Amino acid sequence: MKNLISQLLADAVDRLKADGVLPTDLSPSIQVENARDKAHGDFASNLAMMLAKPAGMKPRDLAEKLIAALPAHQAVASVNIAGPGFINFFQDAGWLAGQLEAALADPQLSVRAEVPAQRVVVDYSSPNLAKEMHVGHLRSSIIGDAVARILEFLGHTVIRQNHVGDWGTQFGMLLAYMEEHSVDAEAELGDLENFYRQAKKRFDESEDFAARARQRVVDLQAGEPSCLALWERFNSISLGHCQAVYDRLGVSLTPADVRGESAYNADLQGIVADLRSAGLLTESDGAQCVFLEQFKNAEGNPLPVIVQKAGGGYLYATTDLAAMRYRHAELHANRVLYFVDQRQALHFQQVFAVARAAGFVPADMQLEHMGFGTMNGADGKPFKTRDGGTVKLVDLLDEAEQRALRLVKEKNPELPSDELRAIGAAVGIGAVKYADLSKHRSSDYSFNFDLMLSFEGNTAPYMMYAYTRVASVFRKLERSMDAVADLAPMALVEPAETELGAHLAQFNATLNYVAREGTPHVLCTYLYELAGRFSSFYEQCPILAADSETQRDSRLRLAALTGRTLKQGLNLLGINTLERM
Ligand code: ARG
């Protein structure tokens with residue numbers, strides 16, 4: 001609707017230009033917002049106020065001219081001027097009801113991409129395999145997965161890439177330790193964090209061990225078969241840990257999505273050679289560097305992107321350059337999204353710029369770092385266990401499920417215990433995910449069990465519960481919210497009905513926005529408001545006790561679309577809904 005109104009206003013501006021009322025060189029960016037006070041309209045634009053000065057007119061006078069020049073459209077019931085010159089639009093209730101009927105008849109709920117379908121690579125999760133996955137990767141996995149699902153639902157082709165860190169000098173140390181403890185290595189690898197710590201301890205304590213570890217790095221790089229086999233075994237165990245976390249979280253990554261850093265090993269030499277022939281390389285202290293004009297440190301000195309160390313080794317940046325070239329040449333991506341910690345922002349700006357300068361990717365391939373902030377504990381400090389260690393993800397999820405189980409049990413002591421356990425798991429996992437998804441990704445966020453498990457506010461339990469309320473209406477009638485075609489059509493009469501309907505009609509625009517910006521919190525806010533509007537509607541507009549059958553049918557249809565939108569929206573966030581809880 002906002003897009004439609006913008007278009008109508010743009011047409012009006014063109015007409016006024018043609019009539020000589022507005023200067024022809026004007027190309028305003030037209031803003032249309034949801035009106036704050038519904039009594040004055042559903043949507044509002046400040047266009048007349050923006051253009052008053054260049055037009056040399058009073059805002060209200062210009063608003064009148066714009067309204068007169070506005071093409072008629074059946075979606076718009078009426079237009080008026082408010083305050084200093086806002087143009088307010090009332091949506092036509094009949095037209096709106098028609099839109100909602102169309103959504104209800106469509107398994108896609110009328111959701112379509114507003115841009116041509118693209119091939120989108122989503123790089124997310126991407127933990128380092130040498131260690132256990134930590135909370136930073138939890139954020140990347142959850143947020144990246146939601147955006148991947150939304151892009152897919154809009155009709156884009158999504159290629160998930162789990163760019164795991166499976167290469168580097170720390171593997172020498174781990175392999176040497178595996179050899180030393182060949183008997184119980186398998187068992188010890190159950191706890192990667194500890195395994196890493198033990199290996200590091202040996203490395204620091206014993207010169208002998210350190211020498212062996214360094215030799216293993218050389219062997220690994222040379223492709224020595226027994227060393228390679230050990231490395232593969234280590235990675236497959238570590239990847240198994242990750243996959244267990246994905247499965248438990250309902251993150252849609254599979255082993256087929258893994259393409260780790262090592263997959264690019266064979267390309268790295270070529271990357272450096274190509275940078276050299278492009279005239280982009282400078283040697284500095286024996287290292288191969290790219291200096292780009294736009295990157296300077298605080299003192300104004302140029303910052304290098306190092307692509308090869310003095311000893312010949314390659315770096316994280318080199319691998320990312322190779323990955324970008326692969327994503328263009330082999331995966332034919334139009335757009336690549338990186339869900340990676342905000343602290344890597346400079347890294348991505350640099351490698352994107354180098355890849356473009358070197359022609360590894362075409363100018364029209366979109367590269368976007370979707371950075372996110374740090375996950376802190378409830379105390380606002382970086383998330384750690386009481387003794388300062390890293391929090392293991394499995395422990396975190398266990399605790400979430402147990403706490404949720406206790407809460408649901410209190411609410412429903414009568415439910416059978418296996419159903420309670422299933423509800424507890426869904427609510428616990430949903431809570432962890434939703435808490436993360438509902439905040440703007442770029443801000444730091446505090447992990448707080450009490451807040452995320454509250455049944456009030458913008459939380460998973462509240463949202464999941466809101467869905468069960470809609471479901472219970474249909475359960476009482478013994479019918480499905482997916483099959484309402486036989487009911488009398490929708491009519492939006494009461495304000496609470498129109499407000500719910502107007503919000504439902506914005507699902508498509510919301511998803512398109514989230515796909516563009518990579519910000520699932522906007523979908524959370526949308527769904528939270530949807531649940532709120534449904535509550536008001538439910539209180540003010542009796543469904544089962546409606547005045548007439550046609551009124552009841554209309555309200556049921558509205559409830560069905562609400563239920564389906566809530567369920568679809570939560571599923572796109574990677575959250576499973578329950579029919580009762
Ligand atoms: N493994 C990296 C880390 O844990 C994240 C990799 C992100 N993806 C990428 N293409 N650089 O910090």
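Three strands make up an open sheet in the order S7-S8-S9, with antiparallel pairing. Strands here are DSSP runs of type E of at least two residues, helices are runs of H or I of at least four residues, and both are numbered from the N terminus. Two strands count as paired if DSSP finds at least two bridges between them. The structure is a predicted model, in which local features need pLDDT of at least 70, side-chain atom pairs count only at pLDDT 80 or more, and totals for chains, interfaces and linings use all residues. Residues are numbered from 1 along each chain as its sequence is written.

Angles are taken between N-to-C directions and run from 0 to 180 degrees; the axes are lines fitted to C-alpha atoms, for helices over the stretch in contact. Strand S8 (residues 287-296) is joined to S9 by 5 bridges in the antiparallel sense. Within this pairing, Lys296 stands opposite Pro302 in S9. Helix H13 (residues 345-357) packs on the sheet and touches S8 and S9, and its direction makes about 100° with that of S8. Two residues are in contact if their C-beta atoms, placed from the backbone, lie within 7 Å.

**The sheet S6-S5-S10-S11**

Another open sheet has 4 strands in the order S6-S5-S10-S11, with parallel pairing. Its edge strands are S6 and strand S11 (366-369), each pairing on one side only. From one strand to the next, the twist averages 15°. Strand S5 (residues 119-123) and strand S6 (residues 157-161) pair in the parallel sense over 5 bridges. Arg119 has Thr157 as its bridge partner in S6, and Val120 has Val158. Of the 5 residues of S5, 4 are buried, so this strand is largely enclosed by the rest of the structure. A residue is buried if 20 or more other C-beta atoms lie within 10 Å of its own, exposed if 12 or fewer do, and partly exposed in between, with C-beta atoms placed from the backbone.

**Strand S4 and its partners**

Strand S4 (residues 86-91) has 5 of its 6 residues buried, so it too is largely enclosed by the rest of the structure. Strand S2 (residues 43-45) runs antiparallel to S4 and is joined to it by 3 bridges. In that pair, Asn88 of S4 is the bridge partner of Ala44. Strand S3 (residues 76-82) also runs antiparallel to S4, with 6 bridges between them. Here Phe90 of S4 is the bridge partner of Ser78. S3 and S4 form a hairpin with 3 residues between the strands, and Gly83 takes a positive phi near 55° in it.

| Strand pair | Sense | Bridges |
|---|---|---|
| S2 and S4 | antiparallel | 3 bridges |
| S3 and S4 | antiparallel | 6 bridges |
| S5 and S6 | parallel | 5 bridges |
| S8 and S9 | antiparallel | 5 bridges |

**Helices H15 and H17**

Two packed helices are described by the angle between their axes and the distance between the axes. Helix H15 (residues 417-437) and helix H17 (residues 460-476) pack at an angle of about 120°, and their axes are 8 Å apart. The two helices are therefore oblique to each other. By the cut-offs used, angles under 35 degrees are roughly parallel, over 145 roughly antiparallel, 65 to 115 roughly perpendicular, and the rest oblique. H15 makes the contact through Val427, Gly430, Ala431 and Tyr434, and H17 through Ala460, Pro461, Met463 and Met464. These residues divide into 7 nonpolar, 1 polar and no charged. Ala, Val, Leu, Ile, Met, Phe, Trp, Tyr, Cys and Pro count as nonpolar, Asp, Glu, Lys and Arg as charged, and the others, Gly among them, as polar.

**Annotated stretches**

An unreviewed UniProt entry lists residues 463-581 as "domain: DALR anticodon binding". Over residues 463-581 the chain is 66% helix and 0% strand, with the end C-alpha atoms 12 Å apart. The unreviewed entry also gives "short sequence motif: 'HIGH' region" for residues 127-137. That stretch, residues 127-137, is 27% helix and 0% strand, and its end C-alpha atoms are 6 Å apart. UniProt positions are given in the numbering used here, feature names are shortened, and annotations may be inferred rather than shown by experiment.

**The whole chain**

The protein has 21 helices and 13 strands. Of its 581 residues, 38% count as buried.
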